[in-house]
Amino acid sequence: MLRVTFALLCLFTSALAYADKNSEEVEQVLNQLHKMAANANYDGYFNLYSEDAVFIGTDATEVWAIDEFKAYAKPHFDKGTGWTYHPRDRHIYFSKNRDVAWFDELLDNKKLGETRGTGVLVKQNGEWKVSQYHLTIPIPNALASSVAELINAK
């Protein structure tokens, strides 16, 4: 019985260590993503995305395949003006086989204030890549009706 308990404890401990390693790696990718954008580092930023990634912006029309998003971002990055979002309150979740992660994070931005990023990362050839990133502006429930009216009136 002691051997079984010890074996289970070892298995549980190694599973936790593996989960922590994955969490740290995903955290690093997301932190790098924000850093590269703030520094207008085009290559560094887009190297963090998968080849089939999608970026969804705050406007309902902004659903971009990665090549479309690159075309949008390139002139901004070439001028040295990326975008700066400071992440906080991040939550990361994993699929059972640990090769897909999804997250949500609150972000602070000078122009927009509080925003939210959500997305999916996939592990490809041992590296985590952003497969989808979705930037939103969370609207307090008390303001939702008036914001909806403004959107519908346009």
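Biologist: What is the strand order in the open sheet?
Modeller: In this predicted model, the six strands of the open sheet run in the order S2-S1-S6-S5-S4-S3, with mixed pairing; strands are DSSP runs of E with at least two residues, helices are runs of H or I with at least four, both numbered from the N terminus, and two strands pair if DSSP finds at least two bridges between them.

Biologist: And which are the edge strands?
Modeller: Strand S2 (63-65) and strand S3 (86-94) are the edges, each pairing on one side only, and the twist from one strand to the next averages 20°.

Biologist: How many bridges join S5 and S6?
Modeller: Nine bridges link strand S5 (residues 113-124) to strand S6 (residues 127-136) in the antiparallel sense, and leucine 121 has valine 130 in S6 as its bridge partner.

Biologist: Which helix packs on the sheet?
Modeller: Helix H3 (residues 66-78) does, touching strand S1 (49-56) and S2, where contact means heavy atoms within 4.5 Å. The direction of H3 makes about 105° with that of S2, with axes fitted to C-alpha atoms, for helices over the stretch in contact, and angles running from 0 to 180 degrees between N-to-C directions.

Biologist: How much of the protein chain is buried?
Modeller: Of its 154 residues, 34% are buried, meaning under 20% relative accessible area with a 1.4 Å probe, protein chains only.

Biologist: What should I know about the numbering and cut-offs?
Modeller: Residues are numbered from 1 along each chain as its sequence is written, and side-chain values use heavy atoms, leaving out hydrogens and water. Local features need pLDDT of at least 70 and side-chain atom pairs count only at pLDDT 80 or more, whereas totals for chains, interfaces and linings use all residues.

Technical notes. Buried < 20%, exposed > 50% of the residue type's maximum accessible area, 1.4 Å probe, protein only.
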